[in-house]
Amino acid sequence: EELTECLKNPNFFLLVVWDASCPQKCIGMGSIFFQRNLARWIAEIHDIVVDHEFRGRGIGERIVKTLVEKAHGFASTKNKKIKLYLTSRPSRIAANQLYLKLGFVQVAQAQGKWGTNLYKMMIGTQIDPAKGGEERLKFLKEVLKPEEISGWLTRPHKVLDNRTPLDLIVEGKGHLVDAVLQEMLNGTFSV
């Protein structure tokens, strides 16, 4: 009954992985749903599970990547940014490491016996290197005040090996600046 109710929701997506050698056997699953609040769209990933027998084969990673791709598609369809969340018990060490590897940022640490770690990823804020300077300026305006942009571009930054973003862009190394901007957009660090 609960599954039927979930599947009726157009903003709910269930991914099920089947064993190719035994098509009746489910070996993994994950779900994502999207909801609108007053300020924005948000999404949550839940129920990432891989059968014990099939762990360590990259199935969990493929499930999470597929769900993140679903979030990118949803954000693109709505032409909006989405905050994507997921939680994980601290005892799930491999899962917690995977989420960080895939670009999630841990924004809260589990507290107490039943606590879970909270992870976040911003969707719809990917920098397109093909768009160059115009794209960088757009994202700079999202993370800095207009009067701070010039100073940020011309000041050396530790994260850029004490180089200025402007120097790196002129040298054709704008991808390094893009990586820093992406981290700023994701909330991994600030200036």
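A salt bridge is taken here as a side-chain nitrogen of Lys or Arg within 4 Å of a carboxyl oxygen of Asp or Glu, and by this rule the count comes to 5 salt bridges. The structure is a predicted model, in which local features need pLDDT of at least 70 and side-chain atom pairs count only at pLDDT 80 or more, while totals for chains, interfaces and linings use all residues. Residues are numbered from 1 along each chain as its sequence is written, and side-chain values use heavy atoms, with hydrogens and water left out.

Among these salt bridges, Lys25 pairs with Glu53, the closest N and O atoms being 3.1 Å apart. This pair links distant parts of the chain, since Lys25 lies in strand S2 and Glu53 in the loop between S3 and H2, 28 residues apart; helices (H or I, at least four residues) and strands (E, at least two) are DSSP runs, numbered from the N terminus. With a relative accessible area of 26%, Lys25 is partly exposed, where buried means under 20% relative accessible area, exposed over 50%, and partly exposed in between (1.4 Å probe, protein chains only). Glu171 forms a salt bridge with Arg163 (2.3 Å, N to O) and another with Lys173, for which the closest N and O atoms are 3.7 Å apart. Arg163 is partly exposed at 27% relative accessibility, as are Glu171 at 42% and Lys173 at 35%. A network of salt bridges links Glu61, Lys65 and Lys101.

When residues up to four places away in sequence are not counted, Tyr99 touches Ile48, Val64, Leu86, Ser88, Arg92, Phe104 and Tyr119, contact meaning heavy atoms within 4.5 Å.

Within H2, the buried residues are Ile59, Gly60, Ile63, Val64, Leu67, Val68, Ala71, Phe74 and Ala75, and what covers them includes strand S1 (12-19), S2, S3, S4, H3 and S6. The expected span of a helix is 1.5 Å times one less than its number of residues, so the 20 residues of H2 should span 28 Å, and the distance of 29 Å between its end C-alpha atoms agrees with this. Just after H2, Asn79 takes a positive phi of about 55 degrees; Asn79 is found in the loop between H2 and S4 and is exposed, with a relative accessible area of 67%. A positive phi, near 60 degrees, is also found at Asp47, a residue other than glycine, which lies in strand S3 and counts as partly exposed at 45% relative accessibility.

Strand S6 is mostly covered, 6 of its 7 residues being buried. S4 and S6 pair in the antiparallel sense over 7 bridges, two strands being paired if DSSP finds at least two bridges between them, and Ile123 in S6 is the bridge partner of Ile82. Strand S5 (residues 105-108) also pairs with S6 in the antiparallel sense, over 3 bridges, with Val105 standing opposite Lys120 in S6.
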